[in-house]
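Keep the structure open as you read.

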Amino acid sequence: MLKCFTDNRFNTHGQRLTVHFDSPNLYGAVPEVSPAKGDPSSAHRPINTTTIMAVEFDGGVVIGADSRTTTGAYIANRVTDKLTKVHERIFCCRSGSAADTQAIAEAVSYQLGFHSIELDEPPLVQTAANLFKQMCYRYREELMAGIIVAGWDKRKGGQVYTVPMGGMLVRQPVSVGGSGSSYIYGFIDSNYKTGMTKEECLRFTADALALAMERDGSSGGVVRLAAITEAGLERSVILGNQLPSFSA
Amino acid sequence: EIPQHSLPVIPDSTTSLALSGSYVSNKMINKLIQVHDKIFCCIAGSLADAQAVTKMAKFQLSFHSIQMEAPPLVKAAASVLKELCYNNREELQAGFITAGWDRKRGPQVYTVSMGGMLISQPFTIGGSGSTFIYGYADAKFKPDMSREECLQFTTNALTLAIGRDNVSGGVVHMVVITEDGVEHVVVPGDKLPKFHDE
């Protein structure tokens, strides 16, 4: 159970103040990952066992996700938005426990906002990724969160960083995550090529997500896409009946 | 991992790793067992169980074909395996893909899962590495491919699976079964196609 949370504020004397919160209410309680057997409260917390994906291209990134949140066998939300903004040009794709990932994203979003005020310039994607990693690694026993961080910054352009469960951090040109990702590794490996344009990336992501949603019971609904570049953000949705279809 | 397609020709294919615990005991094993002249079985799961079951099936099929005075149907072969798998489901841990050619229905592919389910499909994949290529197989399969297209599709799919599954690897075995006969194709690891990350 998450016992404390560090809040970096300044006190009235301008000194940095580290406050430890014992209350779970500020950032939302982090649920126990493995409740005792027979425990009635172990019925089903909302999870985004899901399919998420991010691809780098020259000038930005394309991110995508399905839209299903399940509590056990019930689809609690069939139009979920798993692409969460943590800063103007930095997004994260969330998979795993819905509560955990929402809490982490909120916390990182706060830390990034503060950091960017200190720096007086937009934060780096690598910074955001490291903040996610620090939290996911430190609380790895309590959390169930697989996150892909993607965005654009002035220094390195479009970048994708994956922070899977356990808290590793690695940059990849293409990254997939969530339960549906296993089914599309072969497709990704065979279809990805370097030097794709934004439109090709969007197409590639939509195809891959559609294939995963077809096979994974925990993924489905609509495909949410976003393209992040220097110019800004373009979000789009592909509805169920408009998904690319494959002959099988 | 075992993909398979059914068309005028049927390439059967598999990779050849055998494990005891985490030790690779054999890198060249052939997981395609011939149960009759034009009927083959791809095995997955416990190799001991699979070998025992296919030996039994081979015997039953040869007896059946003598009684019927004709080669057995592919469906019959698959049924025999299914009976064995289903009736001994508690003890066994083996899954099969049965494929072959017969005069009644031409080329066919049947999956016999670990619990003993039997279904007929235009093509199928199985084994631990198969999860990684569901997306690829769904995207790339089209009905009525030619023999070369089939072989290429199978090789590509297996290569991608080997690339992601740590317990698949070694040599790729394929068998092409047609009305005219059976041809065994072997592709060693270094001759497999390369994808972007290599």
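**Cysteines, then the interface**

The sulfur of B:C42 has its closest cysteine sulfur in B:C41, at 7.3 Å, which is too far for a bond. This is a predicted model. A disulfide needs two cysteine sulfur atoms within 2.5 Å, so the 7.3 Å between B:C42 and B:C41 rules that pair out. B:C42 is also buried, with a relative accessible area of 0%.

B:C150 has its closest cysteine sulfur in B:C42, 13 Å away, again too far for a bond. B:C150 is buried, at 0% relative accessibility.

Now turn to where the chains meet. Chain A brings 15 residues to the contact and chain B brings 17 residues. Together they bury about 1500 Å², with 60% of that area from carbon and sulfur atoms. On the chain A side, three residues stand out: A:Y183, A:D189 and A:R215 supply 34% of the area that chain A buries against chain B, more than any other three residues.

A:D189 forms a salt bridge with B:R164, with the closest N and O atoms 3.0 Å apart. The count between the two chains is 2 salt bridges. Polar contacts link 4 residue pairs across the interface, counting pairs with both residues at pLDDT 80 or more.

Which elements of chain A give two or more residues to this side? They are α3 (185-191) and α4 (198-215). α3(A) gives the most, with 6 residues. By class, the chain A side has 8 nonpolar, 5 polar and 2 charged residues.

Conventions
Residues are numbered from 1 along each chain as its sequence is written. Chains are lettered from A and ligands numbered from 1 in the order in which they are written. This is a predicted model: local features need pLDDT of at least 70, side-chain atom pairs count only at pLDDT 80 or more; totals for chains, interfaces and linings use all residues. Side-chain values use heavy atoms; hydrogens and water are left out. Contact means heavy atoms within 4.5 Å. Buried area is the accessible area (1.4 Å probe) that two parts lose on being put together, summed over both. A salt bridge is a side-chain nitrogen of Lys or Arg within 4 Å of a carboxyl oxygen of Asp or Glu. A polar contact is a pair of N or O atoms within 3.5 Å; within protein, one must be able to donate a hydrogen and the other to accept it, and residues adjacent in sequence count only if both atoms are side-chain atoms. Helices (H or I, at least four residues) and strands (E, at least two) are DSSP runs, numbered from the N terminus. Ala, Val, Leu, Ile, Met, Phe, Trp, Tyr, Cys and Pro count as nonpolar, Asp, Glu, Lys and Arg as charged, and the others, Gly among them, as polar. Buried means under 20% relative accessible area, exposed over 50%, partly exposed in between (1.4 Å probe, protein chains only).
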